[in-house]
Amino acid sequence: MSYVVIKDLHKAYGSTSVLANIQMTIEKGEFVTLLGPSGCGKSTILRIIAGLTEATSGMVSIDGNNMQNIRPKNREVGMVFQSYALFPNMTVKENVGFGLKMKKVNQQEIEQEVRKMLGIVNLLDKENAFPNELSGGQQQRVALARALIVRPKVLLLDEPLSALDAQIRKKLQSQLRSIQMELGITMILVTHDQEEAMAVSDKIWVMSSGEIAQTGTPTEIYTKPKSEFIANFIGNYNVFTRHELEELIGQELPSVGGKFAIRPEAIHLEDRSTNYKLRAIAKESIMSGNVIRTTFQADKRSFSVEQLHQRAHSFEIGKTYTCYIEREDVIALT
Ligand code: ADP
């Protein structure tokens with residue numbers, strides 16, 4: 001049996017259903033992410049696992065134990081929120097040791113564990129600081145240490161990095177992942193940021209309107225989107241109807257699929273005995289760091305092409321180009 005099992009989970013507020021038919025299995029030591037747009041029900045799942053919200057129906061089990069009728073504090077589940085939620089009148093050391101103090105662990109052992117945790121989150125030099133003397137990223141590392149010190153069976157992270165600026169967020173993503181691997185803790189992260197999900201997860205559960213839309217490793221989700229929703233949400237895919245694409249390439253496509261997705265970086269300019277080609281006008285190029293995204297227009301359809309900045313072909317706006325696509329890069333959507 002998997003370490004965390006969610007079965008037939010439903011949640012409604014009055015007559016409004018917010019979660020329908022959620023099935024999840026998570027293995028011990030896995031880092032999984034619930035990814036989806038705001039309001040799709042991600043936090044509600046976390047809150048149900050933690051026992052903070054009651055499900056309308058369905059079952060949650062952790063380490064073989066059914067969580068029904070088990071109070072939140074007895075679930076051995078930790079939680080980290082976007083807002084840090086540190087105790088403002090306690091030092092870093094006292095914040096981190098709080099959970100062990102509540103468990104009546106002796107003072108010497110608390111000190112030892114606190115130092116170990118502060119070492120792991122790289123904050124030993126801040127042990128006597130108060131939360132308001134720390135940056136957002138440092139406060140979140142304190143919150144993480146405070147949640148981890150009691151060795152929860154599962155750590156739930158609800159958008160923990162969303163309030164931080166991009167550079168700190170990237171750094172903390174990789175720290176979070178290495179701490180998780182070092183301690184072997186099962187973690188469930190909620191985020192609306194697909195890059196964050198890709199960067200840290202063993203497995204991603206993509207959600208849409210209260211349902212699981214697709215599950216897989218980051219590579220599977222990115223390279224094999226099943227639906228238009230996933231293709232748009234995950235990878236800025238170009239999505240065409242069969243008719244549109246057949247008209248553009250002047251060929252019939254394989255019999256499966258009503259819509260087709262093509263990654264912007266899969267459309268290129270070299271004819272390597274390539275399967276499909278189309279003529280299109282370069283409309284606009286935007287440089288975003290290492291990638292240049294160019295919008296093309298063919299008939300009434302526009303699509304984007306991405307190239308690494310370093311090797312980019314420079315397009316003359318208004319000029320017509322022949323673009324090439326390999327057959328295996330045309331993904332049939334269901
Ligand atoms: P997410 O975490 O994906 O942003 P949530 O799980 O917070 O989404 O919310 C899912 C849906 O449930 C939203 O439409 C939200 O408005 C609704 N919802 C959440 N909590 C309540 C509540 N206490 N009462 C009524 N509706 C709620």
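Trainee: What distance separates a backbone N or O atom of C40 from an oxygen atom of the ligand?
Mentor: This model is predicted. A polar contact needs a pair of N or O atoms within 3.5 Å. C40 supplies a backbone N or O atom, and the ligand supplies an oxygen atom.

Trainee: How much of the ligand does the protein bury?
Mentor: Start with the ligand alone. It then exposes 560 Å². The share of that area buried by the protein is 54%.

Trainee: How far is an oxygen atom of the ligand from the side chain of T44?
Mentor: Look at the N or O atoms in the T44 side chain.

Trainee: Which residue has a side-chain N or O atom 3.4 Å from a nitrogen atom of the ligand?
Mentor: Check the residues that surround the ligand, among them V18, P37 and Y13. The side-chain atom at 3.4 Å from the ligand nitrogen belongs to Y13.

Trainee: Which helix gives the most to the shell around the ligand?
Mentor: The surrounding residues include K42, S43 and T44. The top contributor gives 3 residues and spans residues 42-50. That is helix α1.

Trainee: How many residues of the ligand shell are charged?
Mentor: Sort the shell by residue class. There are 4 nonpolar and 5 polar residues. The charged count is 1.

Trainee: Now the pockets. Which element gives the most to the lining of the largest pocket?
Mentor: This pocket holds about 750 Å³ of space. Its lining has 23 residues, and V77, G78, M79, A147 and V150 are the closest to its centre. Elements giving two or more residues are α2 (92-102), α4 (136-148) and β6 (77-81). The one giving the most, with 5 residues, is β6.

Trainee: Which element gives the largest share of the lining of the second largest pocket?
Mentor: The second largest pocket has a volume of about 480 Å³. Of its 22 lining residues, those closest to its centre include Q194 and E195. The largest share is 5 residues, and the element is α6.

Trainee: Where does the second largest pocket lie?
Mentor: Ask which domains line it. Both domain 1 (4-231) and domain 2 (240-333) give residues to the lining. The second largest pocket therefore lies between domain 1 and domain 2.

Technical notes
Residues numbered from 1 in each chain as written. Predicted model: local features only at pLDDT ≥ 70, side-chain atom pairs only at ≥ 80, totals over all residues. Heavy atoms only, no water. Near = heavy atom within 4 Å. Polar contact = N/O pair within 3.5 Å; in protein donor to acceptor, adjacent residues only side chain to side chain. Areas by Shrake-Rupley, 256 points an atom, 1.4 Å probe, with all protein chains shown as cover. Helix = DSSP H or I, 4+ residues; strand = E, 2+ residues; numbered from the N terminus. Nonpolar A, V, L, I, M, F, W, Y, C, P; charged D, E, K, R; others polar. 1 Å grid on protein atoms, 1.4 Å probe; cavity = no way out; pocket = protein on both sides within 12 Å on 5 of 7 lines; lining within 4 Å. Points joined across faces, edges and corners; volume = space filled by probe spheres on them. Domains from an automatic or database assignment.
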